[in-house]
Amino acid sequence: MCSSTWFPAWQARCIRDLIASGHAEPALLIVNETPPEAGTWWEKLRRRAARRDLLWTLFLRLFVVRTARASRRESLADDLEGVPAFGVHVTRVGKWSEYFDKEDVDTIRDAELDFILRFEFGIIRGAILDVARYGVWSFHHDDEQVYRGGPPCFWEIYNGDPLTGAVLQRLTERLDGGVILHKGWFRTIDHSYARNRDQAYFGGADWPVRVCADIRGGITDHVDGDATASQAPVYRNPRGMQTILFALHLCVNFISNQFTGLFRADQWSVGIVDAPIDSFLEPGARPHVYWLPEPGGPRYLADPFGAYTGETLTLLAEEFDYESGRGQVAVLFDAGAFPFTGRLPDPARGPDTKVHASYPYALEHGEAILCVPETHAAREIALWKSLSLPGEWQRVGALIDDVAALDPTPFFFERRWWLFATDKDRGPNAKLYAWWATRLTGRWTPHAQNPIKTDVRSARPGGTPFVHEGVLYRPAQDNAGTYGGAVVINRVDVLTPTEFREEVVHVIAPFAEPYTNGMHTLSAAGDLTLIDGKRRRFIWPAFKTELKARLRRGR
């Protein structure tokens with residue numbers, strides 16, 4: 001459903017992704033040819049001026065639509081060449097409902113469509129909802145359990161909500177009461193309405209591809225499921241004073257964001273817990289943490305992983321330097337001799353990746369240690385092997401190419417190797433991707449449901465998956481309030497090449513002084529558990545680097 005072959009950028013991406021996926025092909029353009037509102041231009045202007053949301057409408061058109069990337073229109077004339085177009089008219093009943101003419105409905109039914117993607121019209125009701133085999137699919141860019149109505153992605157900023165939701169639903173007669181096909185959550189960008197809306201619009205653009213893949217794979221329970229039973233209030237466009245307050249919110253949040261970004265930097269540290277990783281499944285677990293001494297200066301350690309060669313524990317971590325703005329893999333050999341006292345010895349250098357490296361995921365392999373560090377700038381997930389600990393490493397090869405993967409996490413479960421990561425290009429914290437293989441060195445196959453999850457609270461990997469009492473658990477990061485705010489443990493209920501389901505069962509908030517501003521890694525090392533924690537403070541080299549970057553962007 002469209003107005004022409006010109007589409008906002010996020011809709012264009014959605015259609016192009018569908019065509020490229022091979023899961024669906026466009027069969028009909030249902031074009032809205034309903035005549036515009038009657039009256040002279042002066043009458044239209046008077047009606048507009050009488051509306052209570054006039055100030056919001058001006059704000060939207062002057063400051064949002066012009067700057068939002070998702071709203072920029074793109075032509076799909078070439079992509080949709082040869083697709084027949086059918087013009088229709090709708091009749092408005094009441095204040096909002098729109099109904100299609102019976103003859104138009106019959107013509108569309110004759111096309112034998114599998115589904116209709118709604119990018120035009122208002123609140124459609126009636127027979128049109130059932131003419132396609134799997135109904136009419138429509139986006140609602142808010143969490144329908146909290147915000148029904150609109151404007152999209154607005155009230156979250158106004159109310160100070162840290163989460164912005166989005167839904168792809170199969171429409172029913174009830175407003176925002178459709179059958180949920182896919183749902184996701186993003187961290188609210190509270191200082192920019194355009195950016196907050198952009199991330200939700202673009203963030204859901206690939207969901208129709210996932211639903212099509214499910215249908216082709218025979219997974220249709222959610223497509224034919226029950227409609228959502230939301231009792232959330234229906235929101236309207238803000239009135240004049242609400243629009244003014246919203247603008248003030250944006251200004252205050254922008255100033256706060258600028259101040260925090262300049263004068264507060266993350267100082268991470270690595271800790272060792274003398275307990276196995278499954279002990280963190282206990283409610284209220286707050287074990288004692290042996291914190292490693294800080295390396296000093298503008299450096300810190302984070303993302304700890306450990307592996308054993310015989311009785312010797314080798315600890316790998318990211319060592320980040322604010323002076324250079326880059327991280328590298330640091331190796332602490334025989335790290336089992338804790339608690340550490342005095343100054344931390346200079347760690348050895350790990351794999352020389354030539355680019356920023358972090359999250360050095362470690363695996364035990366005989367007398368050698370394997371490492372899969374995050375190297376998103378190289379656009380690959382590479383495997384390294386230790387030749388002589390601590391400092392001699394050999395690159396085995398790339399497991400997966402052409403992906404800006406963040407926190408790649410490989411593990412073996414039920415006769416397959418799995419690899420989870422987020423993609424910097426598609427949103428670093430909210431969208432989880434998976435691959436599987438029969439051997440660690442590949443060939444790796446993308447999961448049929450990629451992205452398998454969209455939730456900033458529990459998507460991005462945060463440590464080593466582990467099995468407890470026959471159940472697979474996956475640590476992940478909660479990045480809703482702030483980056484690296486907490487670690488959550490997900491219970492993986494279904495993991496096959498075509499299906500994935502998990503549920504958050506435990507949230508581990510920062511609990512050990514002095515690093516109480518965040519944590520984002522929970523990894524197993526035998527009967528020990530490695531964690532990290534952060535505190536926020538002023539760091540002069542970080543301030544200089546951030547100031548220079550902002551001055552360059554302002555030129």
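Two strands pair if DSSP finds at least two bridges between them. In this predicted model, strand S11 (residues 163-170) and strand S12 (179-187) run antiparallel and are joined by 8 bridges. Within that pairing, Gln169 stands opposite Ile180 in S12.

The two strands belong to an open sheet of 4 strands, whose order is S7-S9-S11-S12 and whose pairing is mixed. The edges are formed by strand S7 (116-117) and strand S12, each of which has a single partner strand, so one side of each is left without a neighbour in the sheet.

Attention now turns to a helix pair. Helix H1 (residues 9-21) packs with helix H7 (residues 207-216) at an angle of about 30°, and their axes lie 8 Å apart. Angles under 35 degrees count as roughly parallel, and H1 and H7 are therefore roughly parallel to each other. The crossing in which H1 passes H7 is right-handed. On the H1 side, the contact is made by Cys14, Asp17, Leu18 and Ser21, while H7 contributes Pro208, Val209 and Cys212. Sorted by class, this contact of H1 with H7 comprises 5 nonpolar, 1 polar and 1 charged residues.

The protein chain has 9 helices and 34 strands. Its radius of gyration is 26 Å, close to the 24 Å that the globule rule gives for 555 residues, so the protein chain is as compact as a globular protein of that length. Taken along the principal axes, the C-alpha atoms of the protein chain fill a box of roughly 80 × 50 × 45 Å.

Methods: Residues numbered from 1 in each chain as written. Predicted model: local features only at pLDDT ≥ 70, side-chain atom pairs only at ≥ 80, totals over all residues. Heavy atoms only, no water. Axes fitted to C-alpha atoms, helices over the stretch in contact; angles between N-to-C directions. Parallel < 35°, antiparallel > 145°, perpendicular 65-115°, else oblique. Left-handed = near helix turned anticlockwise from the far one by under 90°. Contact = heavy atoms within 4.5 Å. Nonpolar A, V, L, I, M, F, W, Y, C, P; charged D, E, K, R; others polar. Rg over C-alpha atoms; globule rule 2.2 N^0.38 Å.
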